[in-house]
Amino acid sequence: MDWQGQKLAEQLMQILLLAFAVVAFATGYISGSFQMMVLIYAGGVVLTTLVTVPNWPFFNRHPLKWLDPSEADKHPKPQEAVSAKKKPAKK
Amino acid sequence: MHSLGFRVNALLTLGVTVLALMCVMASLSDNLSVPSPSANVQVLNFNWFQKQSEGNEEVSLTFKISADLQSMFTWNTKQVFVFLAAEYETPKNSLNQVSLWDGIIPSKEHAKFSIHTTNKYRFVDQGSNLRGKEFNLTMHWHVMPKTGKMFADKIVMTGYRMPKEYR
């Protein structure tokens with residue numbers, strides 16, 4: 001998943017769970033059935049899992065642009081000046 | 001949200017927290033309904049009334065209990081535990097409570113009932129104070145919810161009197 005996809009996944013997860021909780025509570029309260037509330041919410045959790053957990057393609061619409069490996073050779077890592085520092089300390 | 005495990009963990013944690021909030025709201029919604037129960041007990045007969053060898057009196061009675069507890073049931077009620085206690089005063093104890101009968105009401109349909117029975121549990125006094133004694137029959141109930149706090153209440157019915165002599 002890319003960064004935009006992760007943000008989308010988190011938002012979808014929160015909105016879906018809250019929406020299903022509200023619908024489940026309202027349905028259970030109005031129909032007078034506690035079991036109805038629990039079943040609707042359980043279904044909502046399963047649906048949210050299917051939508052947000054697997055790495056779907058629509059989560060990867062802004063893929064990260066990694067540098068080409070040949071670029072890394074053109075800009076070598078800076079070397080630490082270890083040998084220059086050690087000599088004064090030994091004295 | 002960078003890996004599968006992270007997303008599963010976030011989903012489960014949020015899911016359980018929201019479920020706990022729903023249960024709290026369900027429990028609070030019970031306060032919206034006002035119960036109006038009614039009960040009546042008729043003592044049909046004192047079957048026998050004797051003093052045991054240890055010096056304690058025992059009485060057996062047959063009574064008819066009719067009650068309507070349907071308004072106690074909400075969507076969040078699992079069952080109602082109801083029991084009938086005889087209450088009276090003696091010189092030794094300011095309050096004696098003896099449980100005579102109990103039952104579990106599992107649903108609203110069973111909450112309106114009429115029972116004709118002898119006492120399920122023995123009515124034994126501490127000593128011999130019962131001859132001619134006035135006593136109350138109190139119906140207590142405990143409403144057990146599916147989630148949340150259990151609460152208890154009672155109805156006191158007065159005006160019952162023991163026989164004056166052993167029989």
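Predicted model: local features only at pLDDT ≥ 70, side-chain atom pairs only at ≥ 80, totals over all residues.
Q: Where is Phe59(A) placed in chain A, and with which residues is Phe59(A) in contact?

A: Phe59(A) sits in the loop between α2 (34-52) and α3 (69-74) of chain A. Leaving aside neighbours within four places in sequence, its contacts include Met1(A), Asp2(A), Leu8(A), Leu12(A) and Val51(A). Asp2(A) is 57 residues away along the chain, yet the two C-alpha atoms are separated by 6.8 Å.

Q: Which side chain of opposite charge is nearest to Asp125(B)?

A: That is Lys133(B), 7.6 Å away. A salt bridge needs the nitrogen within 4 Å of the carboxyl oxygen, and Asp125(B), though buried, has none. Its side chain does make a polar contact of 2.7 Å with that of Tyr88(B). Asp125(B) belongs to the loop between β6 (123-124) and β7 (134-145) of chain B.

Q: How much area do chain B and chain A bury between them?

A: Interface size is often given as the accessible area lost when the parts come together. Here chain B and chain A bury about 2,000 Å², with 83% of it on carbon and sulfur atoms. The side of chain B that touches chain A has 13 nonpolar, five polar and two charged residues. The contact takes 20 residues from chain B and 25 residues from chain A.

Definitions and conventions:
Residues numbered from 1 in each chain as written. Chains lettered and ligands numbered in written order. Heavy atoms only, no water. Contact = heavy atoms within 4.5 Å. Buried area = accessible area lost by both parts, 1.4 Å probe. Nonpolar A, V, L, I, M, F, W, Y, C, P; charged D, E, K, R; others polar. Helix = DSSP H or I, 4+ residues; strand = E, 2+ residues; numbered from the N terminus. Buried < 20%, exposed > 50% of the residue type's maximum accessible area, 1.4 Å probe, protein only. Lys, Arg positive; Asp, Glu negative; His and termini not counted. Polar contact = N/O pair within 3.5 Å; in protein donor to acceptor, adjacent residues only side chain to side chain.
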